[in-house]
Amino acid sequence: MKATAAQTKPAETTASVDQQPEAQVAEVSVKVARSIEDLMQAFAIRAAVFLSEQNCPYAEEFDGNDFTATQYLGFVGDEPASTCRTRYFADFAKLERVAVRREFRKSGIAAQMINYSLDLCRQKGYRRVYGHAQARLVPFWQKFGFEPINDKKFVFSDHEYVEIECQLAPHPDPVMVGKDPMVTIRPEGDWDQPGVLEQSATRPATNPVSDDQHDEAWSTELKRQVKNLG
Ligand SMILES: CC(C)(COP(=O)(O)OP(=O)(O)OC[C@H]1O[C@@H](n2cnc3c(N)ncnc32)[C@H](O)[C@@H]1OP(=O)(O)O)[C@@H](O)C(=O)NCCC(=O)NCCS
């Protein structure tokens with residue numbers, strides 16, 4: 001998903017403090033993390049924002065739930081600028097770890113990434129996305145359709161939180177059983193275009209087997225032939 005955003009060059013790339021920063025139009029885009037390098041970029045952003053800016057202890061930020069989630073990466077131009085993750089439960093998804101690098105705040109990447117993640121949940125069939133919002137950020141989350149689900153505040157990692165929830169409209173083309181079987185084996189989030197396994201379908205079905213399976217099949221056939229001879 002791509003858009004453009006007026007962006008001010010990060011401070012270190014400006015030539016001199018006397019000069020006005022050069023205004024640029026940078027492309028803003030979002031993707032699902034699909035490789036170890038993508039994950040490293042996502043985790044680097046999280047570390048910069050939560051460990052460095054918000055003094056979160058490492059073990060609380062990297063909580064053991066990263067391999068059960070869809071991880072997202074936002075870019076401003078070619079630079080990894082934002083991240084978040086979604087984890088899945090029976091009838092709701094949970095959006096977490098939303099972070100935009102300080103130098104890319106107000107670039108529009110936060111909104112694009114959050115909306116992209118909500119749309120992916122809709123396409124998976126979810127109608128509810130749940131979250132824990134830092135209490136000061138409830139108005140930010142309301143911009144995306146989230147509302148507090150009660151008045152209770154609770155505390156972890158040194159912040160006060162509020163439970164929030166967003167109701168999603170049904171997706172017009174959700175991923176579901178009964179459609180083309182190839183859809184569910186496409187890369188996560190790219191369900192509307194053919195994936196690499198559709199390219200593999202142009203090869204004939206040779207039903208390859210391992211050596212062990214081959215030996216077993218051959219031995220069964222041999223026994224059958226010996227029995228027929230006898
Ligand atoms: C929270 C965060 C992700 C927002 O990213 P951002 O780039 O600053 O957000 P944007 O400026 O693009 O804001 C998007 C919209 O939310 C609004 N907004 C931003 N911060 C807000 C706040 N504190 N309260 C109310 N609205 C807010 C903006 O005005 C904008 O609205 P608009 O589109 O109508 O103009 C970013 O500040 C961040 O990474 N903070 C540190 C990590 C963090 O606290 N994560 C959230 C944990 S719950």
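Asp-158 is exposed: 10 other C-beta atoms lie within 10 Å, and the cut-off for exposed is 12 or fewer. This is a predicted model. Asp-158 sits in the loop between β7 and β8. Its backbone stands out too. Phi of Asp-158 is positive, about 70°, although the residue is not a glycine. Most residues other than glycine have a negative phi.

Ser-157 belongs to the loop between β7 (146-156) and β8 (159-167) as well. Here phi is near 45°, again a positive value in a residue other than glycine. Is Ser-157 buried, exposed or partly exposed? Ser-157 has 14 other C-beta atoms within 10 Å, so it counts as partly exposed. Buried would take 20 or more, and exposed 12 or fewer.

Now turn to the ligand. Around the ligand are 15 residues, and the nearest of them are Arg-105, Lys-106, Ala-110, Pro-139 and Phe-140.

Which element gives the largest share of the shell? That is β5, with 3 residues.

What is the make-up of the shell by class? There are 10 nonpolar residues, 3 charged and 2 polar. Among the nearest residues, Arg-105 and Lys-106 are of the charged class. Ala-110, Pro-139 and Phe-140, also among the nearest, are of the nonpolar class.

Terms used:
Residues numbered from 1 in each chain as written. Predicted model: local features only at pLDDT ≥ 70, side-chain atom pairs only at ≥ 80, totals over all residues. Near = placed C-beta within 6 Å. Helix = DSSP H or I, 4+ residues; strand = E, 2+ residues; numbered from the N terminus.
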